[in-house]
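Trainee: I am new to this structure. Please show it to me before I ask about its parts.

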Amino acid sequence: MRYAELHCLSNFTFLRGASRPEELVARAAELGYAALAVTDECSVAGAVRAHVAARERGFRLLLGSELALEDGLRVVCLATGRAGYGALCRLITRGRRSAPKGGYRLGRADLEAAGLDDCLLLWLPGRQPEAEEGVWLRERFGGRLWLAVELASGGTDRERLRELTLLAARLGLPAVASGNVHMHERRRRALQDTLTAIRLGVPLREAGLALAPNGERHLRTPGMLARLYPRELLEATLEVSDRCRFSLDELRYEYPEEIVPPGRTPASHLRALTEEGIRRRWPEGEPQAVRALVEHELGLIAELGYERYFLTVHDLVAFARGRGILCQGRGSAANSAVCYALGITEVDPSRMSLLFERFISRERNEPPDIDVDFEHERREEVIQYLYARYGRHRAALTATVISYRPRSAIRDVGKALGLDPLQVDRLARSMQWWDGREVDEARIREAGFDPANPLMVRLLGLTRELLGFPRHLSQHTGGFVISRGPLEELVPIENAAMPERTVIQWDKDDLDELGLLKVDVLGLGMLTAIRRALDLVSAFRGRRLCMQDVPPEDPAVYEMICRADTVGVFQIESRAQMAMLPRLRPRSYYDLVIEVAIVRPGPIQGQMVHPYLRRRSGAEAVVYPGPGVQQVLERTLGVPIFQEQVMQLAVVAAGFSPGEADRLRRAMAAWRRKGSLGPFEQRLVDGMRERGYEETFARQVFQQILGFGEYGFPESHAASFALLVYVSAWLKRHEPAAFCCALLNSQPMGFYAPAQLVRDARAHGVEVRPVEVNASDWEATLVPDEEGEPSLRLGLALVRGLSREGARRIVEERKLRSFDSVQSLAVRAGLDRGDLDALTASGALADLAGHRHRAAWHASGVEQPLPLVPQPVVAEGLPMLRAPSEGEDIVADYRALGLTLGRHPLALLRGRLAAAGWLTAAELWERSPGERVRAGGIVVTRQRPGSASGVTFVTVEDETGQVNLIVWRDLSDRQRTVLLGARLLGVSGVVQREGDVLHVVARRLEDRSRLLGELEAQSRDFR
């Protein structure tokens, strides 16, 4: 018996559907269904995933949506063609935009006005069918309306069938079978019940009739369906499905038109802008190679009709630059000479050898993908410009699917199973940031629970099933979709949580699968910091300094980089990068390109790092198996480091076309998730053997490709990032005060907290002055020192608990005259008790009161003047209050500011630490490799990269510098609590030293945090 399921919810009907779209499609195909309709509630968020799964299997997928109107009427709308799909998307948009994020609101008038002429409707009667609903629907959608008979083996199926077929006959409506499917297999019943309890916010035991009465809302076998439904109802499903011929493959993107001025064509306008940019970039005339590149690109752009795409991005960048917003194109845009001429990227194509087909391919015929980074603090201006220019009906952010991870899954499942809130919290907190998507029973034991307990067994089973399920749609960091016509006819639009933001219901991967345009409008903190630093230097030096004015290839900058003196420098400030720098020793811009890319999971997993370093140092000969390979790998000494090189290898050594090579790239990015690299292996090996390469070399290349599947960095990205690496390093080397000031004013960003940034600046000779109400602005500022060089004044923004409005009033009043007492400060600036207490705790009143204790005394006596009575001035003697001890000041500094300008806290503890055998960071350099040592310090960062096979890298600091610890997986598992919880971490271990890189390989860890007392020292932890 053939059957098409017409009513099926995936897990993109959040907290209702209990199966992924891919699982539903696979099961329907396995059961021999004629078709499957994915009809998520007021959504098509899972449609692309279902579409891809169906396309791979040659299976028919129908698209539609379940809608519940405000008066209780429920229908399923199915698109029969492109117009019907567009009308359905418009209706979904109307419902979603009419309600807060996550909800929707539709009435009968909306349904009637939606223009659903190209849609079929299934009426879903309630438990007590209302004939009036059917009459209303029949009058408006007659000939396209069926009454859905949904039987779930609930014990009353015979009566329900009779009732609904009689109703359909009385109303003159055809009836059709459907399943109200919520899961692909019956075994998901427990998870589906759990999702219901989570959605309702109640334990399962209280969910009652909200739970399904049984597990029959799954894709049932044709035999089971034949026993439940009369043949005519089953055959009706085929009639409905045969009328639904729409596929997402029919969607075609159309570019905006208004970016072409009157009198010009897209091609002529792009040509004019490009020529103008060439004259600006090369005022003495462009090199012949550049001219050839430009002509090649413009010809291919014209052939594929992408002019409007480039003009759209150029318009965006031109707006930003017109507003003084620093921006930088990266990604595949860095492959393009046209993008360089248009000012979209700063990567000079004459300095690089990049694969243009990574950007645009005639064979692939998909839109290019340009990422543009903007200052993170000003990106909102760019976003609102897009909305204003194209309208909210034509521009929206892409979505990001927020999925369950171990901690959130355990919290929600634990609550659903009725655990006590304290138990739930303890269980959830046992899942740490480095655990990824694993739920380890050892963590359950650490939390004080027995994994063998039946309740825990149930909790763990449900949690593991729930991992990766979508929870809700959030907004992408900056992916924008812009269309010529109404975007809501392409994909529904809904409200984001942030005001003035709207998102489409598809994420980045969905758009890639359908080949739809996306422009990434991304925020990058380092661009903000660089712009701030350049402005600070310009103001202080009295001459304008721009990025283009930074002298290239400065030996002093590279010397600093080779010493790994890179705290705060973009991309190369992590411990892994700092360990690599003295070994790779960058001496040129292209060395920085390699440095950015080589400390990545792809090269590491592909075992490319050590061969490259050996060849670079001369310890290993550089050999190539053939001239074609040499052309591809010569710039990286015969070792593939970049994605583009792997693609080029496939072209020159295995005979791939550029389009096939790009498909290989896509498969590389997805193979861990989909396991889709298999077909490429034999193709690659056979192609290389046919061209005379040894099979061992071909297999080695394939293994490297697998490494890139983890995360191979594109050369085009690295090239763009390397520019920012160099500029930020130049600023650190030549303008350290401005660089530190800019970083402080751009927080939060980077690996290091303000305490480490300030300490590093002082180590580089920068004078840092404290927060002071008579001198500090809201942000940190530059002030001349005694020699007229810039010193750094910390800003009021560092004072925890101080309101920005209070700080603004302080600065405004101070412009009139300085404050001469705590009383005058409080009265003139209108400070409330919270602001006054924050300033007192921070030490910012030192020049008004002497020290913190006196400041607290004066603040406690502040009285606000009465409206009609002048404030009496009473001369008081200074109280005999002792000044805080050095230790008390340091503790207070950390609590109120997050840093201190006094001695490092461990300087006060050095006697006790030395007695315990702890060496300082400086003393460790006097020890020999392999020597056993004891050391430690305040934890600055913890990092456990996914490529490090469970190794945790910890940076601790003392008064003499930083110590880098390597903690192997077995030790981190044994001493997990100490490793993650210690503020003051001690280590017994072995010195490991290679050149200018020193680590301590931990053998035992020790938590000595109690020695810090109340000192609040926060680490920054990363995966």
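Trainee: Which helices and strands do the buried residues of helix 32 pack against?

Mentor: This is a predicted model, in which local features need pLDDT of at least 70, side-chain atom pairs count only at pLDDT 80 or more, and totals for chains, interfaces and linings use all residues. Residues are numbered from 1 along each chain as its sequence is written, and side-chain values use heavy atoms, without hydrogens and water. By contacts (heavy atoms within 4.5 Å), the buried residues pack against helix 20 (525-541), helix 31 (715-734), helix 33 (754-763), strand 16 (781-784) and strand 17 (790-793).

Trainee: Which residue is the bridge partner of Leu782 in strand 17?

Mentor: The open sheet has three strands in the order 15-17-16; strands pair if DSSP finds at least two bridges between them. Strand 15 (768-769) and strand 16 stand at the edges with a single partner strand each, so one side of each lacks a neighbour in the sheet. Strand 16 and strand 17 pair in the antiparallel sense over four bridges. The partner of Leu782 in strand 17 is Leu792.

Trainee: How many residues of the contact of helix 22 with helix 23 are nonpolar, polar and charged?

Mentor: In this contact Gln577, Met580, Leu581 and Leu584 of helix 22 meet Asp591, Ile594, Glu595, Val596 and Ile598 of helix 23. Ala, Val, Leu, Ile, Met, Phe, Trp, Tyr, Cys and Pro count as nonpolar, Asp, Glu, Lys and Arg as charged, and the others, Gly among them, as polar. The division is six nonpolar, one polar and two charged.

Key
Helices (H or I, at least four residues) and strands (E, at least two) are DSSP runs, numbered from the N terminus.
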